[in-house]
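Please look over the sequence and the fold together before reading on.

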Amino acid sequence: MGSGNWIIDNLNSALGTWNGKLAEIWTLLSTSPEEFKGGDVWSVILNIHGGLQAIGYALLVLFFVMGVVKTMGSFTELKKPEMAFKCFIRFVLAQAAVSHGMELMLALITVGQGMVSTIMTSSGLSTIPDMTIPAEMVTIIENVGFLESIPLWAVTLLGSLIIWVLSLVMILTVYSRFFKIYMATAIAPIPLSSFAGQPSSSIGVAFLKSYAAICMEGCVIVLACVIFSAFATTPPAIADDTLAAATIVWNYLGEVIFNLLVLVGAVKMSDRLIRELMGLG
C-alpha cells in the first residue's frame with residue numbers, strides 16, 4: 001500500500017523491483033535445467049540432442065579416419081596389433097561418449113546443482129533479506145516542503161531508473177546461464193564426436209571443461225548473493241542530517257547503487273571467474 005508520498009513510493013517501488021528480482025534469482029539457482037519452466041524447454045533440448053546424434057556418428061567416423069591418417073606414418077603401422085587395438089579402443093570410447101553424452105551432461109549438471117544447494121544450506125539463508133528505506137530517511141522526505149521536493153523528484157527518479165536497470169541486467173545474466181546450458185546440451189554430440197581422433201580430441205576436452213564451467217557458474221552467483229546479504233541487512237547510514245534533503249537522499253542512493261553494482265558486477269563476472277579458475281582463459 002502506498003504511503004501517499006510520491007518520492008517514498010517511487011523509492012519503495014524501485015527497491016521492491018530489486019528485492020523481487022533477487023528473490024527470483026535465489027529460486028532460479030535452486031532450480032535445475034530439467035525443472036526450469038516446468039521442464040518443457042528441457043524436453044525440446046532432448047529431442048534436438050537426439051536428432052544431432054546422427055550427425056555426431058557421421059562425424060565420429062570422419063574424425064577417426066582423419067586421426068588415423070595424421071597419426072599413422074603408413075598403413076603398415078596400422079597392421080600392428082597394439083596400434084590397431086589403440087585405435088579401436090579410442091573409437092569405441094568416442095562412440096560411447098556420443099551415445100551416452102546426455103548421461104554425462106546430466107552428471108555434470110547434478111554436481112553443479114549439488115554444490116549450489118550445499119552453499120545455500122551452509123549459508124543458513126532461506127531467502128535474501130529485503131532492502132528497505134531507513135525510517136530516518138522516510139521522516140526527512142516527509143518533512144520536505146513542495147519547492148524542496150522538486151529536486152528530490154529528479155534524484156529519486158534517476159536513482160530508481162538505475163536500480164531498475166541493474167535489476168534487469170542481473171536477472172538476464174542468471175537466465176542466460178540456463179540458455180547456455182540448453183544450447184551446449186543440445187549440440188553436445190557434435191564436439192563429443194571429436195574424441196574419435198587424437199588430433200581433434202582437444203575439441204571434446206575443451207567442450208567438457210566449458211560445460212562444467214557453465215554448470216559451476218551458479219556457485220559463484222549464489223556466493224555473491226550470500227555476501228551481498230550482509231550489505232542488504234545493514235542499510236547505508238545518514239552521516240549528516242543537517243544537509244539538504246536532496247543531498248541526503250542522493251548520498252543514500254549513491255551508497256545503495258554502489259552496493260548493487262558490486263553484486264551485479266560479481267554476477268556478470270561469474271563466467272569469467274569460473275573459466276579462469278578452470279584454466280580456460
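The expected span of a helix is 1.5 Å times one less than its number of residues, where helices (H or I, at least four residues) and strands (E, at least two) are DSSP runs numbered from the N terminus. Helix H5 (residues 101-123) has 23 residues and should therefore span 33 Å, which agrees with the 33 Å between its end C-alpha atoms. After H5 comes glycine 124, with a positive phi near 80°.

This is a predicted model, in which local features need pLDDT of at least 70 and side-chain atom pairs count only at pLDDT 80 or more, while totals for chains, interfaces and linings use all residues. Residues are numbered from 1 along each chain as its sequence is written, and side-chain values use heavy atoms, with hydrogens and water left out.

Two packed helices are described by the angle between their axes and the distance between the axes. Helix H1 (residues 6-29) and helix H6 (residues 135-142) pack at about 145° with their axes 9 Å apart; axes are lines fitted to C-alpha atoms, for helices over the stretch in contact, and angles run from 0 to 180 degrees between N-to-C directions. Ile7, Ile8 and Leu11 of H1 make the contact with Val138, Ile141 and Glu142 of H6, contact meaning heavy atoms within 4.5 Å.

Where does serine 200 lie in the chain? Serine 200 is in the loop between helix H8 (189-192) and helix H9 (201-232), and its relative accessibility is 11%, so it counts as buried. Leaving aside residues up to four places away in sequence, serine 200 touches Phe63 and Ser194, and its side chain reaches the backbone oxygen of serine 194 at 2.8 Å. Leucine 93, by contrast, belongs to helix H4 (residues 81-99) and is exposed, with a relative accessible area of 56%. The C-alpha atom of leucine 93 is separated by 7.9 Å from that of phenylalanine 195, although the two residues are 102 residues apart along the chain.

Taken as a whole, the protein chain has eleven helices and zero strands. Of its 281 residues, 41% are buried, and among the contacts with a separation of 6 or more, 87% come from residues 24 or more positions apart.

Technical notes: Buried < 20%, exposed > 50% of the residue type's maximum accessible area, 1.4 Å probe, protein only. Polar contact = N/O pair within 3.5 Å; in protein donor to acceptor, adjacent residues only side chain to side chain.
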